[in-house]
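Visitor: Hi! Could you walk me through this one, starting with its charged pairs?
Guide: Happy to, let's take a look.

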Amino acid sequence: MSGTQTHDHGEPDHAHAHDTHDHPHDHDHTGHDHGHGHHHTDHGHTDHDHDHAHSHPHGGVKGFLYDLFVPHTHDAADSVDDALEASKAGVTAVKVSMFILLGTTLLQLILVSVTGSVALLADTIHNFADALTAVPLWIAFVLGRRVATRRYTFGFGRAEDLAGLFIIFVVALSAVVAGWEAIDRFIHPQPVQNAWWLIAAGFIGFAGNELVAIYRIRVGRKIGSAALVADGVHARLDGITSLSVVLGAVGVLLGFPIADPIIGLLISISILVLLWGTVKSVGARLMDAVDPELIDRVEHALEHTSGVTGVRSVKLRWVGHRLLGSAVITTDAQTLHDATHVAEHASEHVRTDLRNLDDFVVTPTLADH
């Protein structure tokens, strides 16, 4: 998920911020309510030279395919730092991609009636299901704008994770329906007509899905939404399956009509296999998993705050596409009042490094305690 993207407020979105950690932190904190005044001290936080090891494969065909189908954002640590702006961007992405996919589905449905292809029918069903997944995401982003209540004290951001579960269910169901249709065509074979139109339909499906995939993944990275990124990856997989319709059409042109139901069945199987990556991603978010690199960055920011002598613990969790967290530090401050100021500076430091961090509580303990 990535080059440098520019937010509306003029700050670049570094998809791999740990590769550029040697820049000085001169972010503008205007508009961020930290719950305390800004104390202008030198934090000494201009040497982000810590190294982070990652298990993602890089280079070669394996690395290319991994980045293509399992795009990693390092939990979007540098995503949009305004919750309302992020939600608006998410809603816009959902609406635009939904209408693109509905248009693609309509064109393919017309061509299904012309060709009678079960492979194209499977692809069309799946594209329609993908368009439907925009609805729960839309609802989730709207809910995410609501303020916290006495019952939902952390707000409603987790609605995105529920939307992710719904997406998994709809995609799996579409795979089952498409597979059933393909098996039925084996039992009750029917001729495929207008194979050239079938080829055109395959490319239409690929173009529509790839356009949506690029857009969803880009916005999902920008705002830190795992559900939106998962839906983008899902759209990309749909594009690949649309190209397989072209293979079925070529088989028909070469005199192998059975190629059409075979491709339809393979599309169904591939959807279920590739869906596993999305299941793991959404499941990890539901279990409050975060990229360890985020913890490293928080620890580094805390350790390089003046007055901090050690970091005892760090906790982070996602609530939708926003982060919450806490830490316990030790300080060489001589009084509780001074220790509180050190904790405030440390919290501000972390907010500077992770711009979509909504709430971060730092608890100080005196070094000799």
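**Charged pairs and a helix packing**

Guide: Arg 236 forms a salt bridge with Glu 210, with the closest N and O atoms 2.8 Å apart. A salt bridge here is a side-chain nitrogen of Lys or Arg within 4 Å of a carboxyl oxygen of Asp or Glu. This is a predicted model, where local features need pLDDT of at least 70 and side-chain atom pairs count only at pLDDT 80 or more, while totals for chains, interfaces and linings use all residues. Residues are numbered from 1 along each chain as its sequence is written, and side-chain values use heavy atoms, leaving out hydrogens and water.

Visitor: Where are Arg 236 and Glu 210 in the chain?
Guide: Arg 236 is in helix α7 and Glu 210 is in helix α6 (residues 195–223), so to speak distant parts of the chain, 26 residues apart. Helices (H or I, at least four residues) and strands (E, at least two) are DSSP runs, numbered from the N terminus.

Visitor: Are Arg 236 and Glu 210 buried or exposed?
Guide: Both Arg 236 and Glu 210 are buried. Buried means under 20% relative accessible area, exposed over 50%, and partly exposed in between (1.4 Å probe, protein chains only).

Visitor: How many salt bridges does the structure hold?
Guide: There are seven salt bridges. One of them pairs Arg 322 with Asp 358, the closest N and O atoms being 2.9 Å apart. Arg 322 lies in strand β4 (residues 322–331) and Asp 358 in strand β5 (residues 357–366), so this pair ties together parts 36 residues apart in sequence.

Visitor: And how accessible are Arg 322 and Asp 358?
Guide: Arg 322 has a relative accessible area of 7% and is buried, whereas Asp 358, at 35%, counts as partly exposed.

Visitor: New topic! At what angle do α3 and α7 pack?
Guide: Helix α3 (residues 118–132) and helix α7 (residues 226–253) pack at about 165°, their axes 10 Å apart. Axes are lines fitted to C-alpha atoms, for helices over the stretch in contact, and angles run from 0 to 180 degrees between N-to-C directions. The two helices, α3 and α7, are therefore roughly antiparallel; angles under 35 degrees count as roughly parallel, over 145 as roughly antiparallel, 65 to 115 as roughly perpendicular and the rest as oblique.

Visitor: Which residues make the contact?
Guide: Among them are Leu 120 and His 126 of α3, and His 234 and Val 245 of α7. Contact means heavy atoms within 4.5 Å.
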